[in-house]
Amino acid sequence: MDRVNYDEYINRLKKKSSRFHIAWEAQFGRGARSGRPRDAEEDIVLFLLDRKRWQKALADGSVEKIGPRRYRMR
C-alpha cells in the first residue's frame, strides 16, 4: 500500500476543486444555492470556520493585505 502525504493530497484537491468551480460558474453563472434557511447555530459555526480559514491564509501568506479592505491572493 502506498503512503500518501496528507498536505500534498489536500493541495492537489484544492487546485482541482478551484478549477472546477471557476469553470462551473463561468458556464452556468452562480452556483446552486439551497432554499433552506440556516439555523442560528449553524450560521455561527460557519462564520467561525470561515474566519479561522481567512486568518490562516493571512498568516501563511497565501493572502496579502495591501490596504484597507484590499487584499491580494498569491
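R74 is exposed, at 68% relative accessibility; the cut-offs are under 20% relative accessible area for buried, over 50% for exposed, and partly exposed in between, with a 1.4 Å probe and protein chains only. Keep in mind that this is a predicted model, where local features need pLDDT of at least 70, side-chain atom pairs count only at pLDDT 80 or more, and totals for chains, interfaces and linings use all residues. Residues are numbered from 1 along each chain as its sequence is written, and side-chain values use heavy atoms, with hydrogens and water left out.

So what does R74 pair with? The side chain of R74 meets that of E64 in a salt bridge, 2.5 Å from N to O. By salt bridge I mean a side-chain nitrogen of Lys or Arg within 4 Å of a carboxyl oxygen of Asp or Glu. E64 sits in strand 1 (residues 63–67) and R74 in the segment after strand 2, so this pair ties together parts that are 10 residues apart in sequence. Helices here are DSSP runs of H or I with at least four residues, strands are runs of E with at least two, and both are numbered from the N terminus. E64 itself is partly exposed, with a relative accessible area of 25%. R72 joins in too: E64, R72 and R74 are linked in a network of salt bridges.

How many salt bridges are there by this rule? The count comes to 4. One of them is R53 with D50, at 3.0 Å from N to O. Both of those lie in helix 2, 3 residues apart, about one turn of the helix. R53 is exposed at 56%, while D50 is partly exposed at 41%. Then there's E42 with R36, whose closest N and O atoms are 3.6 Å apart. E42 is partly exposed at 28%, and R36 is exposed at 52%.

Now for the aromatics. The whole structure has 1 aromatic pair. Rings of Phe, Tyr and Trp (its six-membered ring) pair if their centres lie within 6.5 Å; planes under 30 degrees apart count as stacked, over 60 as edge-to-face and the rest as tilted. W54 and Y71 have ring centres 5.0 Å apart and planes at 80 degrees, so the pair is edge-to-face. W54 is in helix 2 and Y71 in strand 2, 17 residues apart, so to speak a link between distant parts of the chain. W54 is partly exposed at 38%, and Y71 is partly exposed at 36%.

On a 1 Å grid over the protein atoms alone, a pocket is an open set of points where a 1.4 Å probe fits, with protein on both sides within 12 Å along at least five of seven lines, and lining residues have an atom within 4 Å of a point. Of its 16 lining residues, the closest to the centre are K14, R53, A57, D60 and S62. Helix 2 gives the largest share of that lining, 6 residues.

Last, the overall picture. The chain has 2 helices and 2 strands, running α-α-β-β from the N terminus. Of its 74 residues, 4% count as buried. Its C-alpha atoms fill a box of roughly 45 × 35 × 30 Å, taken along the principal axes.
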